[in-house]
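Student: I've got a two-chain model open and I'd like to learn how to read it. Could you walk me through it?

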Amino acid sequence: MKGQNVSLLYTLYRRAYGSPARKFCNPDGSATSRVFKLREIDNGALSVDVKELTTQEKAIVDKARFMLFEIPVSSILKINLSAIHDPLPNNDAHAFIGGLDIDDDIKPSQLAKASKKVL
Amino acid sequence: MSYLINSYSPTAELPKTDQFKTFTSFNIDQPLDSFVSITFRTEDEFGGLNSRIFETVSKIAELTNNWDEEGSPAPSPDNIQFAKAIALFMSAFGQEIYNVAPGPHGEILIDFRSQSKSLEILLYNDKMRYVKLPDVGTPEQGKFTIDLLYTDLIAWLNS
């Protein structure tokens, strides 16, 4: 339901740009902190999908242009952020990570370390 | 914030420590024309330890605005040069850089690792920042200045 906290037992998908020529991930394939860095246009809400409500194929949209990372909701709550379900007309699995500050570079690093690449 | 190095020129043999002292004496807030130029050997000769990093920085240098199809600006040429300079000096000191990557604000991330600790240097167009992530304890972010790099930040990473 829109606006509800996502269960701490769930996992979130975060998509990041990564064409074959521009895969700026870590040498072990994990996400850099930049994958979880908030931008002005995010309006304080970092866009993600709820894994349990979608598939990897839907979440990544285009394997040729994007990478897909997953992060447990429990890891998000552990660093005092929130995971809020925010379904869209074309994507019932949409959610966001709330509580990030655009001037904060610590939490993006913590999120990246808690994530792992799935596609 | 003007800085640094648009070219690297071959130089006579200098002890590595002298080269680093030259580097640390540079005030990045000075205009470029007041900067005492850094002499250095070539990237090929000196960048061995971090050759993968140089390759990635070269890829980052090719980015144009909207490189991620989400409107992100390309990193500035100044920050590209600065990232290369840091990679050169870290190579000279035997310090491996784990990764570099562009960010959604046009920033460049320079990531160092040591066991479970990590140190990030972030070169934004309007500021520079470090982030320390210890294995235990409280993470810290602060204003990055070049004089902190080896004596404080890398020393912390390897302690």
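Student: What covers the buried residues of α3(A)?

Tutor: Keep in mind that this is a predicted model. To call a residue buried, count the other C-beta atoms within 10 Å of its own: 20 or more will do. In α3(A), residues 106-114, that holds for A:K107, A:P108, A:S109, A:Q110, A:L111 and A:A112. Their cover includes β3 (66-72) of chain A, plus β3 (117-123) and β4 (128-133) of chain B.

Student: Why is β3(B) described as largely enclosed by the rest of the structure?

Tutor: Because 6 of its 7 residues are buried.

Student: Which strands pair with β3(B), then?

Tutor: For pairing, look for bridges between strands, then check the direction. β2(B), residues 108-114, runs antiparallel to β3(B), with 7 bridges joining them. One opposite pair there is B:D111 and B:E120. β4(B) also pairs with β3(B) in the antiparallel sense, over 6 bridges, and here B:S118 stands opposite B:L133.

Student: And how many residues lie between the strands of each hairpin?

Tutor: Between β2(B) and β3(B) there are 2, and B:Q115 in that turn has a positive phi of about 50°. The hairpin of β3(B) and β4(B) has 4 residues between its strands.

Key: Residues numbered from 1 in each chain as written. Chains lettered and ligands numbered in written order. Predicted model: local features only at pLDDT ≥ 70, side-chain atom pairs only at ≥ 80, totals over all residues. Buried ≥ 20, exposed ≤ 12 C-beta atoms within 10 Å, placed from the backbone. Contact = placed C-beta atoms within 7 Å. Pairing = 2+ DSSP bridges.
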